[in-house]
Amino acid sequence: MLSKKAIFSSIASLGFFFSVASGEAVAQTTSEILTTEKSQMTAFRPIEQPLWVKGAVTSAGLALIGLEIWWFLLSKPKSQKAEAHDGIQEVTITVDGGYEPSRVVVNALQPVRLNFLRRDPSSCLEQVVLSDFHIAQELELNQVTTVEFTPEKAGQYTFACGMNMFRGVLEVKTPQSSTVR
Ligand SMILES: [Cu+2]
């Protein structure tokens with residue numbers, strides 16, 4: 001959460017810097033044009049921007065585009081691959097204003113254990129539902145509630161709160177021969 005704020009503020013400050021810088025550039029070119037107009041007295045000349053202004057505006061624009069792409073890639077839901085212990089794929093999911101991680105990757109045909117740690121007191125998140133596995137589990141506040149099942153087929157399954165407002169994705173993959181023990 002803190003890092004997202006830091007990224008956002010850095011993007012905002014960069015945008016501010018960019019607007020100030022381009023404003024200065026425009027002011028400078030305007031004064032240059034005024035002086036050339038005074039000396040030559042030719043009306044309706046096309047405004048020729050100096051090359052460095054074009055370069056600066058283009059590179060600043062490209063930098064902003066790059067930042068945006070980076071921002072949206074970073075804000076993708078965090079996914080976590082389950083770690084297998086004694087043949088059980090285990091992941092702890094923190095329930096606090098949503099699910100963290102909100103994307104869990106597991107292998108098919110291997111038992112899965114999801115440890116839901118509920119930190120959010122709102123009644124919205126008191127239940128977790130995995131409809132594809134016929135599971136509806138009450139979660140105790142500030143406790144870990146374990147849900148176990150074995151996904152039979154690869155695919156995307158959802159886990160959600162009782163009202164289906166907060167959701168997470170369980171990505172079930174066909175096990176690779178190297179990961180099967
Ligand atoms: Cu809810």
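A: Two strands pair if DSSP finds at least two bridges between them. Strands are DSSP runs (E, at least two residues), numbered from the N terminus. This is a predicted model, where local features need pLDDT of at least 70. Residues are numbered from 1 along each chain as its sequence is written.

Q: OK, what does V104 stand opposite?

A: V104 faces L170 in strand 11. Strand 5 and strand 11 (residues 167-173) are parallel, paired over five bridges.

Q: And how many bridges join strand 1 to strand 5?

A: Three, with strand 1 (residues 79-81) running parallel to strand 5. There, K81 is opposite V105 of strand 5.

Q: Is strand 5 largely enclosed or left open?

A: Enclosed, largely, because four of the five residues in strand 5 (residues 103-107) are buried, meaning under 20% relative accessible area with a 1.4 Å probe, protein chains only.

Q: Switching to the whole sheet, what's the strand order?

A: The order is 1-5-11-10-7-8, an open sheet of six strands with mixed pairing. Strand 1 and strand 8 (135-138) are at the edges with a single partner strand each, so one side of each has no neighbour in the sheet.

Technical notes
Predicted model: local features only at pLDDT ≥ 70, side-chain atom pairs only at ≥ 80, totals over all residues. Heavy atoms only, no water. Buried < 20%, exposed > 50% of the residue type's maximum accessible area, 1.4 Å probe, protein only.
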